[in-house]
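Subject: A structure for you to look through

Dear colleague,

I am passing on a structure that I would like you to open beside this message. Please read slowly, and turn to the model whenever a name comes up.

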Amino acid sequence: MSFISYLLSGISLGSVYAIIALGYTMVYGIAKMLNFAHGDILMVGGYTAFIAFNQMGLPIPVAVLLSMAVCTALGVLIERIAYKPLRNANSLAVLITAIGVSYLLQNLALLLFSANPKSFTSFVKISPIKLAGGNLTISGETVVTIAVGAIVAVCLLLFIQKTKAGQAMLAVSEDKGAASLMGVNVNATIALTFAIGSSLASVAGILLCSAYPSLTPTTGAMPGIKAFVAAVLGGIGSIPGAFIGGILLGILENLSKAYISSKLSDAIVFSVLIVVLLIKPTGILGKKIMEKV
């Protein structure tokens, strides 16, 4: 029963990583850049939901929608101000800019909310499920997080495959120049990608803070980095790969804490990144891209 409990908790944590990794993989797959400020947008979503629910007294659905709206607007603003001018710049300049945006968001949150942790009230009001005669208890947060993670992955995959906007994203990911010649608005498509990814980050932030009810300006930093590892593990640029990588990483982290050492769990998680890059750099579902020179 203990193993099953640890496994379910790992899947729940992995679902949060998967939702964050989906944002990473969309932005990389379409804009060919790594948005390392993605985890900090998660933090902004958590603070927005906290203020909306605890201080403004708004209902939970309204607080969630407000958090998603704020993060969506923030993601589009960041793309417009910080990343769009670097569209044709080298990858190192974009990477440094992304790190700068990350620290900017963290320090703004530090100035506005201080470093003191906020006690986050869980947005999940489902009673725990007891199985095996009460020997196995599954929290409502675990059930909702796993369900939301699966729904988000399926909906995102259907959106990419079945809608015109999704097809435009695929076209831009293949060749921005050719897509522009075919009438695709490249700038609008990339902005939409950031908007969707940032909206998903807010959902991940609310789920993460509901399961682990503490909110600080650095709340999104470590989950954001681990979600990047999950995206690489699954194959960055692949939506199913990001979901699978997130789930596997969450399970690995939770089982490492339970059976090896809570102090070594992060080291084990990051060692996965090293092993994957050495053995299969494209990840589980990633594909090698042949370029003509």
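The axes themselves are lines fitted to C-alpha atoms, for helices over the stretch in contact, and the angles run from 0 to 180 degrees between N-to-C directions. Please keep in mind that this is a predicted model, in which local features need pLDDT of at least 70 and side-chain atom pairs count only at pLDDT 80 or more, while totals for chains, interfaces and linings use all residues. Residues are numbered from 1 along each chain as its sequence is written, and side-chain values use heavy atoms, with hydrogens and water left out.

Two helix pairs

Two packed helices are described by the angle between their axes and the distance between the axes. Helices here (H or I, at least four residues), like strands (E, at least two), are DSSP runs numbered from the N terminus. For helix α2 (residues 38-55) and helix α4 (residues 91-113), the axes come within 9 Å and cross at roughly 25 degrees, and α2 and α4 are therefore roughly parallel to each other. The crossing of α2 past α4 is left-handed, a term used if the near helix is turned anticlockwise from the far one by less than a right angle, with right-handed used if clockwise. On the α2 side the contact (heavy atoms within 4.5 Å) is made by D40, I41, M43, Y47 and I51, and on the α4 side by S102, L105, Q106, A109 and F113. Sorted by class, this contact has seven nonpolar, two polar and one charged residues, where Ala, Val, Leu, Ile, Met, Phe, Trp, Tyr, Cys and Pro count as nonpolar, Asp, Glu, Lys and Arg as charged, and the others, Gly among them, as polar.

The second pair is helix α5 (residues 140-162) with helix α8 (residues 186-211), whose axes come within 10 Å and cross at roughly 170 degrees, which means that α5 is roughly antiparallel to α8. From α5 the residues E141, V144, T145, V148, V152, L156 and F159 meet L192, I196, L200, V203, L207, S210 and A211 of α8. By class, the contact of α5 with α8 has eleven nonpolar, two polar and one charged residues.

A network of charges

How many salt bridges does the count come to? With a salt bridge taken as a side-chain nitrogen of Lys or Arg within 4 Å of a carboxyl oxygen of Asp or Glu, the count comes to three. In one of them E253 is paired with K226, and the closest N and O atoms are 3.0 Å apart; this pair links distant parts of the chain, with E253 in helix α10 and K226 in helix α9, 27 residues apart. K226 also meets D266 in a salt bridge, at 2.7 Å from N to O, and because K226 lies in helix α9 and D266 in helix α11 (residues 265-279), the pair ties together parts that are 40 residues apart in sequence. The remaining bridge joins K257 to E253, with 3.3 Å between the closest N and O atoms, and both residues lie in helix α10, four residues apart, about one turn of the helix.

Are these residues buried or exposed? Buried means under 20% relative accessible area, exposed over 50%, and partly exposed in between (1.4 Å probe, protein chains only). K226 is buried at 5% and E253 is buried at 2%, whereas D266 is partly exposed at 28% and K257 is partly exposed at 39%. Through shared partners, the salt bridges join K226, E253, K257 and D266 into one network.

V152, in helix α5, is buried, with a relative accessible area of 16%. Not counting residues up to four places away in sequence, V152 touches L22 and L200. Its C-alpha atom is separated by 9.5 Å from that of A18, although V152 and A18 are 134 residues apart along the chain.

S238 is found in the loop between α9 (221-234) and α10 (239-259), and is buried at 15%. Leaving aside neighbours within four places in sequence, S238 is in contact with T25 and L285.

I239 lies in helix α10 and is buried at 11%. With neighbours within four places in sequence again left aside, I239 is in contact with L22, T25, A153, L156, L157 and I160.

Notes: Angles under 35 degrees count as roughly parallel, over 145 as roughly antiparallel, 65 to 115 as roughly perpendicular and the rest as oblique.
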